[in-house]
Amino acid sequence: MYLKELRIWNFRKFGVGTTNVKEPGIVVRFNRNFNLLIGENDSGKSAIIDALKLTLGTSSEDNSRISDEDFHVNKEGDVSDYFKIECIFSDLKEEEAGVYLEWLSFDANGEYELQVRLIAERKPSELGRSARIEKTIKAGYEDVSSRLEGIARELLRTTYLKPLRDAENELKPGVRSRLAQILKNHEAFRKIDTERHSLEIAFEEANNQVEKFFALPYSEDKPEQTIKNQLKNYLDEFFHIPTEDEKKYESKFKISPVKLNEILRKLSLLLEDVPSGLGSLNLLFIAAELLLHEEISLFGPNITLIEEIEAHLHPQAQLRLIKYLQSVLAADGDKGGQFFLTTHSTSLAASTQLEHTLVLYDGAAYPMDSQNTNLEKEDYEFLERFLDSTKANFFFAKGVIFVEGDAENLLLPVIADLIDRPLHKYGVSVVNIGNTAFKRYAKIFSRSDRWLSEFPELELRMPVSIVTDVDVRPIAYYEEQKLENSTEVNEKKIYMIDENNLSFIAEKLDVDEQELNVLTGQVYDKKSTLKEQLLEYKNSISASDLAEISSQTVRVLDADTISSLRTERKKNITAEYENLKANIKTFVAPNWTLEYEIALSELRNHLIDALHQIRYKAPNSKVNQSKLEQFKKDNEAVEDVELRAYQVYKSLLKKNISKATTAQVLAKILKEDEQTKSILLKDSHLAYLRDAIYHVTEGA
């Protein structure tokens, strides 16, 4: 059996349904084996773990008291007078069904199901009794539920590993020793009341040896003098024993009382006999806690709860730990039980399989498995390769801006600051994916039809901006190419696939037209390049078919073609994300790239200054300053705005200067100029950047 679902009413930050108070404030769907709960601070991760602890209990019998702070407080400040937590277990084996027979219910498919329910109520003071909180734990259908007791309740207890803060003290001996709590619940230390544990016998023998030692003479000259006799003499004097009939006090040396619980409280756990660092001690502490998880029973879900597992562990240790836990589950299957972890670590979020992740956002929990998202097998495989810790920070954000390069990654936060929308204050992450494979990342935020049919109000509404380039080169680029290549004296021609020729090409290739939708708006500068693309859909293409397709797609390259192509590309880029059920919007550089848009804008001279500083070792020398002023003057004299922008952008296109370095220097220049803000707020060429920032910060 495993915990399939958790429902919460009026517990801490989770209230009740928005349209029906009888509906839970949150429903959490769990994976069968491994569950990593991630989200920003105060998203409810700890509340979910504590809800499970309170309802199911822990094997180490942690003190989980209910307090007034556990009751939900609504926006008006009203405190609820009750809360309810419901755990639903599924896939019970026949033996398990036998244990829970009187509490069993059935799911929609007629399969066994176990509902376990905690209800806590605040009771006012009455009849001389002070105000109190009443707690009941029952199982079965709610209307006919009854108390869950005995072995049935014991089998549900969880192994709980609390946030690691002081592992050294947790492993030390003492009355409240955590190590003792762990060990006494381990099978190795269970015994029937009439039996004596082998450890008790061993300690009794050790105590006898100790007692013998203190009863031995410690000096050859005085054989009658022992430490025990000396103490006896002192005690006789202190207690002033008058007669032989009165009780006499004698000392007795012991390592420990021979009761098992007392022995366990005296134990400590160390990593060798040398001082250990905090990280190593925490790993030892985790290993000790997992002793209880290894107590695999033939019955019950075998649940382990781990909060903030990354505390005091460096990223590599975190990674090894997660990989180990996942390997245990992969090897043992159902016997490995169920793990529930919370984390603030991007390393853990990135190293955990996405299907095992639950994202908490805006009071809801969104499982990332294929049944509840629009992600497909190929998407998971891609994201497993490329979703690293630098990208995984969006799991902990209130909004996300996806960009395709370093320049956008460096400049967008600066632009946001300058227009009074600082991204860090709005909890927005900028994620540089390093390519244009935005759709795979965007699908993470898209809910499946199955999910929305059950939870129509729970689209993942985290605002997502995708900032990308239209990537259509201006006519000035092709004019320059014509001049540089003396063999190209005729008109420049290109091949473009658009909506008008898509069905014709599909017919020639004998494929479904929908398969070619991704090619809409694509441009090929040579017929051979077009052929290479088409061969991905058909093993061979006859010369006549290629000629017909070429005649359908050929275009004379002029300003009108460029304008048409930009419109087509922007339309197709935007349309690609329209069908995703999420709060995703695309913002496309309308002419070419980010740097080209800046060169078209009123920030052109700022970009020229940045390029000048990078190009020369002594940019402020008299000679180089003269060169800068002359370039600006000549550039300003160019009437064609696109040619003017191309002259500025050309050095970046040819990779003579790094785009990332340029963005870094430009960011500094923008921050130092008081006029930058007004330009950013009104310039039409930069509108797509403004709108991308507004989208992710508007509702925050």
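Reply: Happy to! One term before we start: a residue counts as buried when its relative accessible area is under 20%, and as exposed when that is over 50%. Also keep in mind that this is a predicted model.

Me: Got it. Which residues of β13 point one way, and which the other way?
Reply: Ala-364 and Tyr-366 point one way from strand β13, which covers residues 364-367. Ala-365 and Pro-367 point the other way.

Me: And are those four buried or exposed?
Reply: All of them are buried, on either side of the strand.

Me: What is β13 joined to?
Reply: Strand β12, residues 357-361, is joined to β13 by four bridges, and the two run antiparallel. As an example, Leu-358 has Pro-367 in β13 as its bridge partner.

Me: How many residues sit between β12 and β13?
Reply: Two, and the strands form a hairpin. Asp-362 in the turn has a positive phi of about 50°.

Me: Where is Arg-12, then, and what is its phi?
Reply: Arg-12 is in the loop between β1 (2-9) and β2 (26-29). Its phi is positive, about 55°, although Arg-12 is not a glycine. With a relative accessible area of 27%, Arg-12 is partly exposed.

Me: Is Asp-510 buried or exposed?
Reply: Asp-510 counts as exposed, because its relative accessibility is 68% and the cut-off for exposed is over 50%. You'll find Asp-510 in the loop between α17 (502-509) and β18, with a positive phi near 60°.

Me: You mentioned β18. What is the strand order in its sheet?
Reply: The order is β18-β17-β19, in an open sheet of three strands with antiparallel pairing. β18 (523-524) and β19 (554-556) each have a single partner strand, so one side of each is left without a neighbour in the sheet.

Me: How many bridges link β17 and β18?
Reply: Two, with β17 spanning residues 493-496. Met-496 stands opposite Val-523 in β18.

Me: Zooming out, how many helices and strands does the protein have?
Reply: There are 27 helices and 20 strands. The radius of gyration is 36 Å, well over the 27 Å that the globule rule gives for 700 residues, so the protein is more spread out than a compact globule. The C-alpha trace spans about 130 × 70 × 60 Å along its principal axes.

Me: Last one: what share of the residues is buried?
Reply: Of the 700 residues, 47% count as buried.

Notes. Residues numbered from 1 in each chain as written. Predicted model: local features only at pLDDT ≥ 70, side-chain atom pairs only at ≥ 80, totals over all residues. Heavy atoms only, no water. Rg over C-alpha atoms; globule rule 2.2 N^0.38 Å. Buried < 20%, exposed > 50% of the residue type's maximum accessible area, 1.4 Å probe, protein only. Pairing = 2+ DSSP bridges.
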